[in-house]
Amino acid sequence: GRFDPLRLIPAGHFTIFILSISVSLDLVFSVTLPVINFLHYICDLQATIGPCDVPKPSSWNPVEQSKWKSWQQLGNMATTEAMRLFVKILEEEDPGWYSRASNFVLEPTIDVQMNHYSNFEPITENGNSFAETKTITAENGSLVQTQDKDVISEGLGSVVIYDTWISPPITGQNPKARYQHGAAVLQEKMYIYGGNHNGRYLGDLHVLDFRSWTWSKVGTKAVESPSPVNIAPCAGHSLIPWGNKLLSIAGHMKDPSETIQVKAFDLQTGTWSMLNTYGRPPVSRGGQSVNLVGTTLVIFGGQGANRTLLNDLYILDLETMTWDEIDVAGVAPSPRSDHAAAVHAERYLLVFGGSSHATFFNDLHVLDLQTMEWSKPAQLGELPTPRAGHAGVTIGENWFIAGGGDNKSGASKTIVLNMSSFVWSVVTSVEGTVPLASEGLSLVVGSLKGDDILVSFGGYNGRYNSEVNILNPSCKLNLQSNITEAPSAVHNVTNTTRDLRSEFEIGQGKIREIVMDNVDSKPTISECEKTNERIIATLKVEKQELESSLSEEKLQSLQLKQQLLEAETRNAELYKELQSVRGQLGTEQSRCFKLEVEVAELRQKLQTMETLEKELELLQRQKAASEQAALNAKQRQGASGVWGWLAGNPPEYTAINNHA
């Protein structure tokens with residue numbers, strides 16, 4: 001149904017949620033169902049106690065025995081599955097139970113605020129008005145009240161804070177506590193849309209004006225069309241500013257669609273609309289990352305409606321509203337959701353953290369949007385802990401990341417990555433169960449007196465939060481990109497003292513707080529000069545190293561040019577030799593051709609000689625035959641002369657006869 005703890009409850013908070021359910025089940029029963037069947041009862045037992053391990057009741061008590069058998073049939077069903085089954089049956093029998101029961105649900109933890117400056121107690125000393133701030137922090141689960149003595153009051157005015165999260169005084173009605181919502185800044189206003197509260201998807205839209213720091217709810221109108229547009233509540237989506245519109249991309253819904261939906265809210269008309277897209281859209285999902293690069297949206301990863309983890313990459317052209325699935329080279333990040341992504345120099349997409357069903361990540365991947373090739377750079381500095389559900393924003397080439405968790409605890413450190421040198425640094429750290437150590441919070445860049453500040457909202461850390469916290473990052477963090485050869489030295493310089501002053505309007509007059517790390521006295525000009533001298537000295541050393549490297553490169557370049565000239569000369573000589581060899585080869589080829597002709601002629605003559613030999617042999621045979629015949633004739637002639645004489649024939653007659 002509408003409640004899916006496996007997807008909607010942050011990792012590591014199942015136990016806290018179960019305790020909340022167990023405390024409030026009786027209240028839910030009393031306001032919803034007059035009669036509770038066995039299935040509701042055993043789901044309650046399975047969700048709050050676990051598998052059945054109590055002895056079998058007596059057979060004389062058939063009701064208890066039937067309950068025991070039903071509980072036994074659930075076996076080792078997980079508590080989350082039991083909660084899911086309980087709420088599903090509850091919604092089938094009474095769909096309106098939540099609206100009546102949500103007002104009775106008890107919160108399991110205490111909301112602890114940090115550095116909340118709405119309460120100042122003025123004191124007078126030497127005729128000057130000062131103010132003491134009461135800061136409430138949590139240590140080992142207990143509340144500790146501290147007082148900040150380093151506050152200078154000039155009447156009621158603006159607070160100067162840097163590299164520290166503070167909860168500013170805000171007017172107006174706060175939005176409902178939530179996490180996995182979408183946040184975007186447009187026209188010096190932060191818009192909050194959707195999210196998840198107590199397992200229910202939200203569809204409301206709120207705006208925080210940074211100029212007056214006032215919350216207000218944005219009224220939405222239905223689009224006048226023959227077929228009305230149904231904008232379903234969602235969570236785990238992405239909110240992107242585009243012109244005078246807010247684009248809501250993807251997200252988990254009660255009845256998920258097959259593909260990603262793109263919704264748009266027009267700030268001028270106050271209406272939602274569903275945008276038509278072309279091409280082959282990606283499957284529906286939540287927990288993905290969406291980044292605006294020029295006129296295109298880059299979508300990576302997420303978790304599908306069937307809980308399938310994804311690591312595909314899609315691009316949506318906002319001018320043509322056409323989807324395109326990108327084939328990338330290199331080793332892509334493993335399938336994940338609830339990660340963070342940022343774009344550097346309009347060319348590189350950085351992906352950090354996230355989780356699978358059982359693993360939390362702290363790896364960093366970079367996609368070159370020109371070559372579409374993934375790479376995994378070496379991370380320097382203080383490597384962050386694995387986390388998911390965190391949020392990040394960029395200021396210049398610095399990527400600030402806050403919140404998240406690892407199924408054991410919330411991430412208490414706000415960290416920053418220099419996207420040019422891949423050096424991590426810690427900006428600040430919070431203690432206890434505070435909204436900044438939450439999963440599913442949002443983080444945007446706001447403006448305060450011309451300075452860029454980080455603004456966080458919401459999150460889940462055992463309870464749903466609706467607090468706004470701001471942080472003005474120190475400008476010294478920007479120097480890290482210029483000192484990539486000595487990240488540790490830059491880190492030490494950054495943490496030696498933080499003297500950037502940011503101002504925040506809270507009334508009339510001015511209140512300034514100076515925050516120091518490892519320094520007891522207030523920052524002075526000489527300390528700033530010393531810090532600057534150390535930085536300048538580091539830069540000079542780096543400059544000398546670069547100049548030395550440049551000289552070596554020039555010398556090597558001259559050597560390479562000389563080698564290239566020698567190679568070209570040798571190449572010319574070899575070319576001449578090649579031409580000579582080619583000429584000799586041509587001559588030899590011509591000679592070879594003539595020899596082949598002579599051989600052919602000799603073969604023809606040889607065939608003629610064979611014919612003549614045969615004719616000669618025939619003539620010799622004929623000659624021999626003639627000679628033999630003549631010999632025989634002479635022999636007969638001699639014989640016929642003797643007998644002819646004896647017979648009385650004269651020799652002349654005999655010769656005539658022989659001749660005849």
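Is phenylalanine 422 buried or exposed? At 19% relative accessibility, phenylalanine 422 is buried, because the cut-off for that class is under 20%. The views below show this residue and others in a predicted model.

**View 1. Phenylalanine 422 has a positive phi.** The angle is about 60°, and the residue is not a glycine. Most residues other than glycine have a negative phi. Phenylalanine 422 sits in the loop between S25 and strand S26, which spans 423-429.

**View 2. Methionine 321 also has a positive phi, of about 55°.** Methionine 321 is not a glycine. The loop that holds methionine 321 runs between strand S16 (309-317) and strand S17 (322-325). Its relative accessible area is 14%, so methionine 321 is buried.

**View 3. Arginine 347 and aspartate 368 form a salt bridge.** The N to O distance is 2.8 Å. Arginine 347 lies in the loop between strand S18 (340-344) and strand S19 (348-352). Aspartate 368 belongs to strand S20, residues 364-368. The pair therefore ties together parts that are 21 residues apart in sequence. Aspartate 368 is buried, at 12% relative accessibility. Arginine 347 is partly exposed, with a relative accessible area of 25%.

**View 4. Lysine 413 pairs with glutamate 382 in a salt bridge.** Here the N to O distance is 2.9 Å. The bridge links distant parts of the chain, 31 residues apart. Lysine 413 is in strand S25, residues 413-418. Glutamate 382 is in the loop between strand S22 (380-381) and strand S23 (391-395). Lysine 413 is partly exposed, at 35% relative accessibility. Glutamate 382 is partly exposed too, with a relative accessible area of 37%.

**View 5. Aspartate 209 and arginine 211 make a salt bridge.** Their closest N and O atoms are 3.2 Å apart. Aspartate 209 counts as buried, because its relative accessibility is 17%. Arginine 211 is exposed, with a relative accessible area of 53%. Side chains of opposite charge can pair when their charged atoms come close.

**View 6. The whole structure holds seven salt bridges.** Among them is the pair of arginine 347 and aspartate 368. Another is lysine 413 with glutamate 382. The bridge of aspartate 209 and arginine 211 is also included.

How values were computed:
Residues numbered from 1 in each chain as written. Predicted model: local features only at pLDDT ≥ 70, side-chain atom pairs only at ≥ 80, totals over all residues. Heavy atoms only, no water. Salt bridge = Lys/Arg side-chain N within 4 Å of Asp/Glu carboxyl O. Buried < 20%, exposed > 50% of the residue type's maximum accessible area, 1.4 Å probe, protein only. Helix = DSSP H or I, 4+ residues; strand = E, 2+ residues; numbered from the N terminus.
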